[in-house]
Amino acid sequence: MLILIILIISVLITSGICSMTEAAILSLPLIRARILYEKKHKGSLDLLFIKENIHSAVATIVILNNAVNIIGAVFVGQMAASIFGNQFLGIFSAVLTFAIIIISEVIPKTIGEHYKVPVSLASAKMLRFLIWVFNPVVRIISLLMQPFRKKSKHPWVTEEEIKILLRLGRAAGTVEVDEETLIHRVFKLNDLTANQMMKPIDNMYALDGSKTLLEEKENIINSPYSRIAIYEKDMSNIVGISQQRILLREIANDNYDIPIKNFATRPIFINEEEKADGLLDKFRTYHQHLFFVRGKNGKNIGIITMEDVLEELFGEIYDEKDITHGKKE
């Protein structure tokens with residue numbers, strides 16, 4: 001009788017551990033496993049391996065769990081029949097099945113899901129060892145299931161999933177509204193093109209580079225912008241960019257007869273399909289705050305500044321010049 005009780009308890013506990021581990025491993029997101037690994041938690045390396053090979057891990061747990069339940073039930077049934085007789089075997093089997101469902105399935109899986117991090121970390125090393133032990137069996141099962149698997153490459157984390165997590169975080173109070181808004185705008189950057197953010201060339205403030213500082217003195221002094229486009233003959237022929245402070249300095253030094261184009265730096269042209277996130281990299285690479293946009297036909301169609309892109313992230317940006325002149329650069 002004592003042996004029967006020990007055998008029943010062993011089956012229930014072993015099956016319960018398998019169920020608890022399965023629930024913990026499956027409910028733990030891969031990104032959480034990576035965070036635990038980066039924070040160097042004990043067992044996190046094995047846990048990350050398991051999450052990256054989740055199919056093998058689940059197959060191993062299922063094989064072990066079913067083996068325990070089936071083999072344990074056979075031995076328990078035989079021992080119970082020899083002790084109580086065949087007439088009580090049906091009742092005993094029903095009670096044992098109910099106990100397995102409650103004690104070895106429902107309760108352990110609830111605990112595993114609720115305490116997924118500590119349970120996953122505690123069981124990771126042993127589970128990785130069992131994956132290695134059952135590897136031949138798992139490989140055979142994988143080969144048999146191959147015809148039923150669809151070959152698809154899905155990313156571990158999608159943009160839509162991150163947005164949902166942000167919404168859930170805001171509802172739970174762990175993410176601020178402004179943080180959620182900013183991250184949504186970051187995702188929007190790779191969808192916006194230069195064509196959508198630029199100022200049309202007809203609205204561009206520019207100076208004729210062939211004219212002298214004296215001829216354009218008033219326009220330079222009254223310029224609402226710190227950087228001014230320089231053209232020759234017409235606005236479509238951009239030859240450079242001049243900084244207002246340099247032009248004002250030269251005027252202060254009485255260099256009135258020098259053409260404006262002599263103080264211009266080389267313009268940088270970009271394609272109208274250039275994405276906003278790529279533009280931020282180019283602004284940093286070229287140490288420039290202003291680019292000219294060219295259309296598909298190679299003609300200049302607009303102008304875009306770093307401020308135009310940053311405003312997609314932070315909203316309208318105003319400085320002293322904007323307030324003074326009532327307009328944005």
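Let's start with Ile25, which touches Leu47, Ile50, Lys51, Ile54, Ser120 and Leu127, leaving aside residues up to four places away in sequence; a contact here means heavy atoms within 4.5 Å. This is a predicted model, in which local features need pLDDT of at least 70 and side-chain atom pairs count only at pLDDT 80 or more, while totals for chains, interfaces and linings use all residues. Residues are numbered from 1 along each chain as its sequence is written, and side-chain values use heavy atoms, without hydrogens and water.

Ile25, Leu47, Ile50 and Leu127 have the most contacts inside the largest nonpolar core, which has 17 residues. Such a core is a set of buried Ala, Val, Leu, Ile, Met, Phe, Trp, Tyr and Cys residues joined through side-chain atoms within 4.5 Å. Buried means under 20% relative accessible area, exposed over 50%, and partly exposed in between (1.4 Å probe, protein chains only). Helices H1, H2, H3, H4 and H6 each give two or more residues to this core, with H6 giving the most, 5 residues. These helices are DSSP runs of H or I, at least four residues long, numbered from the N terminus.

| Residue | Place | Relative accessibility |

His41 and Leu121 are 80 residues apart in sequence, yet their C-alpha atoms are 8.1 Å apart in space.
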